[in-house]
Amino acid sequence: CLFDSMPGLGIAPSVVTCNATVGACASGGQWQTAVAMLEGMERSGLWPDVITYTAAIRACGAAGRSDAALAMLRRAWPMGVSPDVVCYSAALTACEKSGAWEEALGLLEE
């Protein structure tokens with residue numbers, strides 16, 4: 001996992017460095033790496049924030065994986081993160097890209 005290799009590369013894992021990495025994964029179409037990075041943060045006790053979840057949702061959405069994007073959105077609440085309008089917008093975009101209109105309507109009803 002990329003998260004686990006950060007110290008060996010001389011990068012101290014922090015919310016800022018992890019958010020930058022998850023964002024780069026989103027831009028590069030690496031949704032699985034973005035999700036693994038977020039999971040690595042959770043495992044280590046380094047708590048992701050709304051920026052982390054939004055970037056992971058964007059990564060999933062860019063790959064047409066609305067299922068994974070919605071799973072990331074649902075995962076935020078139990079971790080103490082309240083998704084904001086940007087986070088929900090990323091989830092709606094993920095639904096739009098994969099044709100998951102029923103799921104998108106469900107998000108709008110929340």
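This report covers helix packing, salt bridges and a surface patch in a predicted model.

Helix 3 spans residues 31–44 and helix 5 spans residues 66–76. Their axes lie 12 Å apart and meet at an angle of about 20 degrees. Angles under 35 degrees count as roughly parallel, and helix 3 and helix 5 are therefore roughly parallel to each other. The crossing of helix 3 and helix 5 is left-handed.

The structure holds 4 salt bridges.

| Salt bridge | N to O distance |
|---|---|
| D4 and R43 | 3.4 Å |
| E39 and R75 | 3.4 Å |
| R65 and D67 | 2.8 Å |

The pair of D4 and R43 links distant parts of the chain. D4 sits in helix 1 (residues 2–5) and R43 in helix 3, 39 residues apart. R43 counts as exposed, because its relative accessibility is 55%.

E39, E42 and R75 are linked in a network of salt bridges.

In the pair of R65 and D67, R65 is partly exposed at 29% relative accessible area, and D67 is partly exposed at 45%.

The surface also carries a nonpolar patch of about 360 Å², made by W101, L105 and L108. L105 lies in helix 7, which runs over residues 101–109. With 43% relative accessibility, L105 counts as partly exposed.

Methods. Residues are numbered from 1 along each chain as its sequence is written. This is a predicted model: local features need pLDDT of at least 70, side-chain atom pairs count only at pLDDT 80 or more; totals for chains, interfaces and linings use all residues. Side-chain values use heavy atoms; hydrogens and water are left out. Patches are made of residues with over 30% relative accessible area and no salt bridge: like charges are joined within 9 Å, nonpolar side chains (Val, Leu, Ile, Met, Phe, Trp, Tyr) within 5 Å. Accessible areas come from the Shrake-Rupley method with a 1.4 Å probe; for residues, only the protein chains shown count as cover. A salt bridge is a side-chain nitrogen of Lys or Arg within 4 Å of a carboxyl oxygen of Asp or Glu. Helices (H or I, at least four residues) and strands (E, at least two) are DSSP runs, numbered from the N terminus. Buried means under 20% relative accessible area, exposed over 50%, partly exposed in between (1.4 Å probe, protein chains only). Axes are lines fitted to C-alpha atoms, for helices over the stretch in contact, and angles run from 0 to 180 degrees between N-to-C directions. Angles under 35 degrees count as roughly parallel, over 145 as roughly antiparallel, 65 to 115 as roughly perpendicular and the rest as oblique. A crossing is left-handed if the near helix is turned anticlockwise from the far one by less than a right angle, and right-handed if clockwise.
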